[in-house]
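Reader: I'd like a close look at one part of this model, the sheet and the charged pairs around it. Could you walk me through that in one go?

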Amino acid sequence: MSDEENENPDQEAMADEWAAAMEEQDAVDAAMDEAQAVELDEFDAPGASAGGGAGQPDLDVILDIPVSISMEVGRTSITIRNLLQLNQGSVIELDRLAGEPLDVLVNGTLIAHGEVVVVNEKFGIRMTDVISPSERIKRLR
C-alpha cells in the first residue's frame, strides 16, 4: 500500500471525530441560546408583591438557579491545521492588548469588565466596570 492509502483511514477517523465534536458544540450553543431567550415575564408569579408591585417580575423565584461565570482574556480564530500543531510552549496571539480588562461572562453573556488579582495564592477578578442591571436584562431579550 502507498503512504496515501495508509493515512486515509486516520484522516477519515480524525475528520469524523472533528465532525462529532462540532455537532456536540452546536447542540450546546443551541441549548444556551434557548436558555437565554427565556423572558423574565415567564417568571411572574400571580399576586407577587416582592418584585416591586403590579406588572413587575418576582425575581425571588430565580435567585437560587445556578449559573456559569467565566472570565475571558481574549479570542482568536485559527485553522484546524494550526490547532493540531499546538503543543506545550505554543503561543496563541489573542485579540486584546496586554493590560486591557477581562470580560466577565455569565452563561456566555457579558456582565462586567475586570482585572486579575491574587487572593490567598489564588486568582480572582476585581470588577472595574459592571454593566447596569437594566442593560443586562435588555441583553437577555
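Author: A quick definition to start: two strands count as paired if DSSP finds at least two bridges between them. This is a predicted model, and in it 4 strands form an open sheet in the order β1-β2-β3-β4, with antiparallel pairing. The edges are β1 (69-72) and β4 (122-130), each of which pairs on one side only. From one strand to the next, the twist averages 40°.

Let's go across the sheet. β1 and β2 run antiparallel and are joined by 4 bridges; here E72 stands opposite D103 in β2. Moving on, β2 and β3 pair in the antiparallel sense over 5 bridges, with L102 opposite G114 in β3. Those two strands also form a hairpin with 2 residues between them, and N107 in the turn has a positive phi of about 50°. Then β3 (residues 109-119) pairs with β4 over 8 bridges, again in the antiparallel sense, and V116 sits opposite I125 in β4.

Now zoom in on β2 (residues 102-106). Of its 5 residues, 4 are buried, so the strand is largely enclosed by the rest of the structure. D103 lies in this strand and counts as buried because its relative accessibility is 11%, with the cut-off for buried being under 20%. Leaving aside residues up to four places away in sequence, D103 touches S70, M71, E72, R96, L110, A112 and H113. Two of those neighbours deserve a second look. The side chain of D103 makes a polar contact with the side chain of H113 at 3.0 Å. R96 forms a salt bridge with D103, and the closest N and O atoms are 2.4 Å apart. R96 itself is partly exposed, at 23% relative accessibility.

E72, the residue facing D103 across the strands, has its side chain in a salt bridge with that of R75 (2.9 Å, N to O). E72 is buried at 16% relative accessibility, whereas R75 is exposed, with a relative accessible area of 52%.

Methods:
Residues are numbered from 1 along each chain as its sequence is written. This is a predicted model: local features need pLDDT of at least 70, side-chain atom pairs count only at pLDDT 80 or more; totals for chains, interfaces and linings use all residues. Side-chain values use heavy atoms; hydrogens and water are left out. Axes are lines fitted to C-alpha atoms, for helices over the stretch in contact, and angles run from 0 to 180 degrees between N-to-C directions. Buried means under 20% relative accessible area, exposed over 50%, partly exposed in between (1.4 Å probe, protein chains only). A polar contact is a pair of N or O atoms within 3.5 Å; within protein, one must be able to donate a hydrogen and the other to accept it, and residues adjacent in sequence count only if both atoms are side-chain atoms. Contact means heavy atoms within 4.5 Å. A salt bridge is a side-chain nitrogen of Lys or Arg within 4 Å of a carboxyl oxygen of Asp or Glu.
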